Amino acid sequence: MTTFLRVLNELDKALALRQAIAGGSESMFEVNPNAFRRIPGAPFAYWVKDSVHTCFEEFEPFESKRRSALGGLKTLLDERFLRCWWEPEPKFTWRPIAKGGSFSPMYSDLHMVVNWEAEGLDISWYGYQRRPREGFGGGTRGVDAYFRPGITWPRRTNGLSFRIMPAGCIFADKGPAAFVNDDSPKELLALLSLLNSRAFGLLVSVQLARVELAQSFEVGLIQQTPIPNLKAAQIEQLAALGCRAWSLKRTLDTTTETSHAFLLPAGLRSRLGDYDPSAIEAELARIQAEIDSMAFDLYGFAEADSAAVQAINVANAEGEMEGAESDDDSDDEESAAPLDQTAGLLSWALGVAFGRFDWRLAIGELQSLPEPEPFDPLPTKSPGMLPDGAQPFHAHDGILVDDPGHPHDLA
């Protein structure tokens with residue numbers, strides 16, 4: 001047996017170390033070093049119980065006959081091949097792409113599209129010119145799985161978060177993807193819940209032998225993380241929780257103008273009903289707790305393992321506050337300060353004047369479309385945008401009049 005002393009989270013490490021040596025404490029761990037060999041790479045994960053180590057022997061890894069995880073596209077020149085989804089005219093050549101992003105479990109809108117003209121021939125040719133050793137098409141890894149429904153995650157971000165990837169999308173090197181063999185929505189949703197559990201996160205952190213933020217969650221790391229065997233009833237329950245969490249987070253996104261889910265600005269969103277952000281956040285927390293409880297049971301973790309996860313989360317939260325600005329390698333998107341309701345209303349009103357947004361949702365003349373299924377392909381327009389062929393609020397010849405008293409005055 002080997003004794004390990006853990007004082008990473010202590011402010012006065014010298015004092016904490018002396019106290020641990022003198023009388024023993026929760027910071028002292030007695031571990032047989034042979035236990036580390038059960039985990040791929042044999043990391044010094046001494047702070048978790050033996051039940052966590054044995055998971056890597058008892059359960060099959062993520063990469064199996066039923067499941068796969070893949071890295072994706074490298075354009076090598078994003079400025080040339082990528083756009084925001086609302087920029088180009090809707091054409092078949094522009095396809096949505098999952099390209100990492102910020103921490104957001106269960107749901108995150110895909111804001112980018114990639115030019116997939118001639119099935120990526122231009123991208124492949126450019127990549128071959130830049131990196132001839134990789135061969136022609138070397139940058140289009142995982143191409144056989146493009147456009148399948150799946151689960152994606154940011155490869156490098158402050159915290160591991162899996163979210164739905166709708167059908168019809170491409171996934172990137174920085175936004176790898178996971179699939180099940182028959183593309184079963186129910187199985188994908190159950191897997192989504194399990195992957196976002198704290199138990200799965202603990203198994204990932206054990207392999208890294210560290211708990212700091214901004215880790216690199218490589219495809220190989222996910223492939224070798226164990227997944228418990230799920231019975232039909234457990235799949236049903238986990239799938240229902242995952243679907244509900246996805247729906248709630250998508251509802252929060254219906255006030256974001258640049259989202260595929262946009263309906264109305266926050267100041268008007270309540271007119272469509274079913275929009276209470278605080279209640280939604282509370283329900284999301286309840287769902288996460290239920291998923292975590294199920295996942296701990298499925299993996300056979302004890303209460304002590306749950307406590308270890310809680311300690312890791314506390315350390316991560318503290319590290320995020322202390323080191324968030326110093327992390328230059330993270331692929332997190334810069335989060336702008338949210339617009340207040342006045343600014344959001346003005347922005348939407350201007351969009352109405354330009355014929356971009358549909359004002360009829362705000363006055364009750366038009367009902368919003370039913371919520372799509374989680375893995376449905378993304379629409380070419382959000383449900384809050386004016387449909388093709390519909391009459392705009394203000395027909396004009398390309399001139400918006402700013403003249404008080406004029407019948408077409410913009411204000």
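Reply: Helices here are DSSP runs of H or I, at least four residues long, numbered from the N terminus. Keep in mind that this is a predicted model. Let's look at helix 9, which covers residues 277-299.

Start with its length. Helix 9 has 23 residues, and at 1.5 Å a residue they should span 33 Å; the C-alpha atoms at its ends are 33 Å apart, so the two agree.

Now for what is tucked away. The buried residues of helix 9 include Ile280, Leu284, Ile287 and Ile291. Further along, Asp292, Met294, Ala295, Phe296, Leu298 and Tyr299 are buried as well.

Helix 9 also holds a charged pair. Glu283 makes a salt bridge with Arg286, and their closest N and O atoms are 3.8 Å apart. Why can these two be described as about one turn from each other? Because they sit three residues apart in helix 9, which puts about one helical turn between them. In general, an α-helix has 3.6 residues a turn, so residues three or four places apart point the same way. Glu283 has 23% relative accessibility, so it counts as partly exposed. Arg286, at 44%, counts as partly exposed too.

Elsewhere, salt bridges with shared partners tie Arg141, Arg155, Asp173 and Glu218 into one network. Across the whole structure, a search finds 16 salt bridges.

Notes. Residues numbered from 1 in each chain as written. Predicted model: local features only at pLDDT ≥ 70, side-chain atom pairs only at ≥ 80, totals over all residues. Heavy atoms only, no water. Expected span 1.5 Å × (residues − 1). Buried < 20%, exposed > 50% of the residue type's maximum accessible area, 1.4 Å probe, protein only. Salt bridge = Lys/Arg side-chain N within 4 Å of Asp/Glu carboxyl O.
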